[in-house]
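I opened the model to look up one residue and then one interface. My notes follow in the order of looking.

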Amino acid sequence: MAVITTRGITKTYNPDTIPVHALNGVDLDIEKGEFTAIVGPSGSGKTTLLNIIGGLDRPSEGKVIVGGQPIEELSENKLIDFRKDHIGFVFQAYNLIPVLTALENVEFVMLLQKRPAAERRERAMELLRAVGLEDKVNKRPSELSGGQQQRVAVARALAPKPTFILADEPTANLDSTSTAQLLDIMAELNHRESVTFLFSTHDQRVIDRARRIVTLVDGRIDEDVQQSQPATS
Amino acid sequence: MTARLAWRNIWRNPTRSLVVMVAIMLGIYAAMFMSGFATGMARSYVNNAIRTMVGHIQVHVPAYQEEARSAYFLPSPADLAAFAKKQEGLAGYSLRTQVTGMAASSHGNRGVQIRGVDPQQEGSVTDLDDLVADGDFFGETRRNQILIGRKMAENLKVDLRSKVVLTFQDLSGTITAGAFRVTGIFESGNTGFDEGIVLVRQSDLNRLLLPADSILPDSLSMPDSRVIAHEMTLLLDDPGQLDTIQEAFQAAFPGLLVENYKELAPDLRLYESQIQNISIIYLAIILLALVFGIINTMLMAVLERIKELGMLMAVGMNKGKVFSMIVLETLFLTLIGAPIGILLGHLTITYFGRVGIDLSAFSTAMQEYGLSEQLFLELEPVVYYQIPIGVLITAVLAALYPAWKAIRLRPVVAIHKI
């Protein structure tokens, strides 16, 4: 059974003035454990599709089913809870909480889930070790490099054990070394935790590592291919 | 976690947070000082009136309060005095003889209320013995001494040792007059009192009111001990016992009218009742101004964090928690400044409540209004409850709009804000 299913997704901005059709009927199935990149030129609808799958935005038409739950049926507050328990986010600009340490940032969503303190601490430490930041647990984001911050963001996204992780241009602000490190970590965690990753990206380095590449053009799926031998670092 | 986040958030921009805290501190300090000043003034007015004129409780025959005629004297002043002596909680009592008449000197005359007092009794209920600026308070033993206020002395152009003739009706209705020698000039701090009332010994006034060979009209009966007194004034040790003592006297003397100072002088009741209102009004005005200052700060704090707030909601922080976080940030800002302001205000009120503020530069105006030159700050205890409650309401009110703004954000838009 697919982790994510979209059927006939359309998204039109400014429908009453100058309509902009960002998505024009997207049908997509993402299976558990996939490591998929959504690619396409600027304005092709990558971010819009990710926002809709992530429950941050609602489609104009169509259905989004995550783990068997049609998310358009959820109220705003239910949707927030749904995101907390099922979706991990990695943003282009890291978006860590600046007043919390790396450890507290990773614990944050688990805290919202009301997980016991000991379990939170253990999971957060385990993930920070996995992303190679065990010596930075008490640093605040302002004391970390961009690459380190994005690794904390990945740890935070994984911490609540979500159904899948959405990463919107996760490497856009990173140098080559940091990008390579981050991709290694995400590939390793995808393998180890069997968690599904869905990226939007322009970055060829990310595309090369994806096992499936969905290409969007003008809000439609233009190409959907499996890479039999994704690159390794 | 929400509280920890809120606490750390307020220290992101320490300068801005400190400015708001100092504004709240100063606002509360100012509210307390102004309330203390106004309360001190009101209390000064009330206390001056009590200590120079009204006392806490007065006893009259009911008709005297309708029309202050000399024939309406107390029927049994000795019984009243005996009862007062047995009563606990009384600082003193004074039986006063009061008639309305004319005071004349060689330079002019004025209408006056002539108050006949026993100096020792009067000294126990009023501060007049301490307020004699020239001469003394019936220090001499000879007859027909008169004490007048400074203003009256100026009006009649008299000084110590000058002669003043008092003219009034005696109990038989005959116009009588007596020559008195000025032995004291008092400055009560109340212009109305200083130019309207003269004090003589009760025995001197009684002699004129009821000459030894005179026969009272049939309508009047001789009081016990042949003392004519129209008023008994009581001063209490503890004003909190006002009702108890008033009721005790009323029960013991049901035919007499026993009234407290609030009933006798409605202006005093008004002043006392306004003490509370003054504090609330000052506090409300200042807190209202603070509300807008806090809203401004918190709105800035929200608007510069739109992206972060969007992220928090995206990863699963629900609107209730986001709302609470903003409210808590506002509460922290407010609750740090407020106690410091309250403490400073309390110390100031305590200090100036003890040593007073010297307002002698405005003494003329102060006296016109029956106020002392030395103003002692005072704050009603209830104000110490009102301030924290007011501050809490202010903080919550000030937080509502920024918090509402925060939860209205759409994560999808907010996280892409630059």
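Entry one, a single residue. I found Thr196(A) in strand β8 (residues 196-200) of chain A; helices (H or I, at least four residues) and strands (E, at least two) are DSSP runs, numbered from the N terminus. This is a predicted model, in which local features need pLDDT of at least 70 and side-chain atom pairs count only at pLDDT 80 or more, while totals for chains, interfaces and linings use all residues. Residues are numbered from 1 along each chain as its sequence is written, chains are lettered from A and ligands numbered from 1 in the order in which they are written, and side-chain values use heavy atoms, with hydrogens and water left out.

Is Thr196(A) buried or exposed? I read a relative accessible area of 0% for Thr196(A), so this residue is buried (under 20%; exposed is over 50%, partly exposed in between; 1.4 Å probe, protein chains only). I listed its contacts (heavy atoms within 4.5 Å) beyond four places in sequence, among them Val3(A), Ile30(A), Phe164(A) and Asn190(A). Gly33(A) is also in that list, and its backbone nitrogen lies 2.9 Å from a polar atom of the Thr196(A) side chain.

Entry two, the interface. I noted 28 residues of chain A in contact with 23 residues of chain B. For chain A and chain B the rule finds 4 salt bridges across the interface (a side-chain nitrogen of Lys or Arg within 4 Å of a carboxyl oxygen of Asp or Glu). I looked up the one between Arg8(B) and Glu104(A), at 2.6 Å, N to O. On the side of chain A that touches chain B, α1 (46-53), α2 (76-86) and α3 (102-112) each give two or more residues.

Methods: A polar contact is a pair of N or O atoms within 3.5 Å; within protein, one must be able to donate a hydrogen and the other to accept it, and residues adjacent in sequence count only if both atoms are side-chain atoms.
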